[in-house]
Amino acid sequence: MTSRTWQPTVTKMSSRSLSPFRLPHANSANSVDVTLKDKHVVIVHDGKTTQLNNLWLRDNCRCDVCYDQATNQKNFIISELDLEVTAQHIRSEDQVIYIDWSDGHKSVHSLDCLNIHHHPDNEPSTRTRMMKLWDAKTIKINMPDTVDYTEYLKNEEVLKVTLRNLLTHGITFIDNVPPTVEDTQKVAERISFIKETMWGKHWLITSDFKRPHKGYTSENLVVHTDTSYLNEPAGAIIFHSLECAREGGMTLLVDAFNVAAKLKVKYPEYYDILSRFPVRHDRILTDKMLHASTQGHILELCPLSGDLRMVRLGPSSFSTQHGKTQDLDLFYRALAMFIRELSSPANQLQIKLQPGLVCIVDNWRVLHGRTSFTGKRQMLGIYLPRDDIDSRYRTLLNIYV
């Protein structure tokens with residue numbers, strides 16, 4: 001996609017035209033059957049059977065004795081409980097589960113709360129279920145709505161659209177932003193605090209090589225994860241082109257989760273090695289006496305669901321690798337294949353960001369790069385922390401990720 005064929009369509013939203021995403025809630029019209037079985041409670045609701053562990057239920061009691069509603073913190077720790085506790089009696093009424101325990105305690109659980117917090121084995125996470133994976137062809141057909149800057153700042157429903165796009169597509173756009181550092185920071189701070197790094201609160205990439213980094217040239221940049229050398233890479237990046245190059249300088253975006261999903265199907269051994277081989281990334285700034293370094297997997301998986309959680313890939317920041325010798329050959333083959341697919345035009349969205357159009361990218365999912373260019377080009381960037389973004393999903397969208 002080039003700047004000639006794609007222009008953002010600004011969608012103006014009223015507070016009545018949108019409703020936030022919500023997890024499925026129980027329907028009070030449907031009956032709930034609860035029974036005791038060994039050390040478990042079995043709940044049958046809406047055709048679905050869920051088996052819950054006794055200790056899990058006792059540990060997650062939210063009554064006023066066990067849980068401080070004012071601070072949202074527990075009043076006990078698991079070591080204080082009788083680990084042999086069992087449910088003696090159980091009943092359901094109006095979508096609420098009542099349990100009498102062998103230690104004399106009485107628990108009350110809402111079915112809604114159990115649906116949100118209990119994660120069945122082998123079930124994809126909420127984040128994974130909501131993602132809309134894309135390649136160069138499908139994103140052009142299903143481009144997320146672009147919102148207007150003024151409405152984004154004043155209308156919470158428009159902010160929700162932006163967050164929802166970031167969650168589902170990994171990218172979102174805001175138009176009519178004045179091309180200044182101050183206004184771009186307002187875009188960032190509407191979502192969360194800014195993540196300050198060795199580059200400061202923001203960075204401005206030009207081709208003057210004022211900083212010892214490949215980004216400060218006019219050369220092409222292979223798609224990558226920013227700050228892959230930090231223990232926790234930036235959660236999102238805000239890009240704002242303050243000045244376009246005369247020729248070239250296209251921004252490249254690729255849904256790395258989509259590429260990884262295809263790799264898992266076609267080359268499962270490659271997916272496996274990239275998810276368990278430790279890779280070291282380094283970033284050295286000699287003039288500032290800084291050396292950031294960390295180890296992580298190219299494909300980082302969620303410890304609960306096993307779903308892909310983050311792609312950590314910074315080829316120019318790769319250090320000497322120290323994995324098991326017997327794994328090195330397979331690792332390098334897998335890595336080369338993954339980068340080739342990420343670099344394929346079939347997987348990349350190419351756009352020429354213009355002044356005024358801000359692009360926010362999920363840095364853990366969507367990799368970015370650029371084509372070479374001639375003339376002057378200035379790209380402003382700001383990082384957002386992952387924890388704060390996820391917090392907004394939970395509090396504004398009511399989506400528990």
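**Contacts, burial and strand pairing**

Reader: Among contacts between residues at least 6 apart in sequence, what share joins residues at least 24 apart?
Author: A contact here means heavy atoms within 4.5 Å. Among the protein's contacts between residues at least 6 apart in sequence, the share joining residues at least 24 apart is 75%.

Reader: What kind of model is this?
Author: Residues are numbered from 1 along each chain as its sequence is written, and side-chain values use heavy atoms, leaving out hydrogens and water. Local features need pLDDT of at least 70, side-chain atom pairs count only at pLDDT 80 or more, totals for chains, interfaces and linings use all residues, and the model is predicted.

Reader: How many strands does the protein have?
Author: Helices (H or I, at least four residues) and strands (E, at least two) are DSSP runs, numbered from the N terminus. The protein has 11 helices. Its strands number 24.

Reader: What percentage of the residues is buried?
Author: Buried means under 20% relative accessible area, exposed over 50%, partly exposed in between (1.4 Å probe, protein chains only). The protein has 401 residues. Buried residues make up 51%.

Reader: Why is strand 10 largely enclosed by the rest of the structure?
Author: Strand 10 covers residues 171–175. Ile-171, Phe-173 and Asp-175 point one way, Thr-172 and Ile-174 the other, and all are buried. Strand 10 is largely enclosed because the buried residues number 5 of the 5.

Reader: Which strand pairs with strand 10 in the parallel sense?
Author: Two strands pair if DSSP finds at least two bridges between them. The parallel pairing with strand 10 has 3 bridges. In it, Asp-175 is the bridge partner of Asp-148. The partner, residues 146–148, is strand 9.

Reader: Which residue of strand 21 stands opposite Thr-172?
Author: Strand 21 spans residues 358–362. Strands 10 and 21 run antiparallel, joined by 4 bridges. Opposite Thr-172 stands Ile-360.

Reader: Is Ser-241 buried or exposed?
Author: Ser-241 sits in strand 13, residues 236–243. Not counting residues up to four places away in sequence, Ser-241 touches Leu-353, Gln-354, Pro-355, Gly-356, Gln-378 and Met-379. With a relative accessible area of 2%, Ser-241 is buried.

Reader: Is His-322 buried or exposed?
Author: His-322 lies in the loop between strand 19 (308–311) and helix 10 (325–342). Its relative accessible area is 59%, so His-322 is exposed.

Reader: What distance separates the C-alpha atoms of His-322 and Pro-278?
Author: Along the chain, His-322 and Pro-278 are 44 residues apart.
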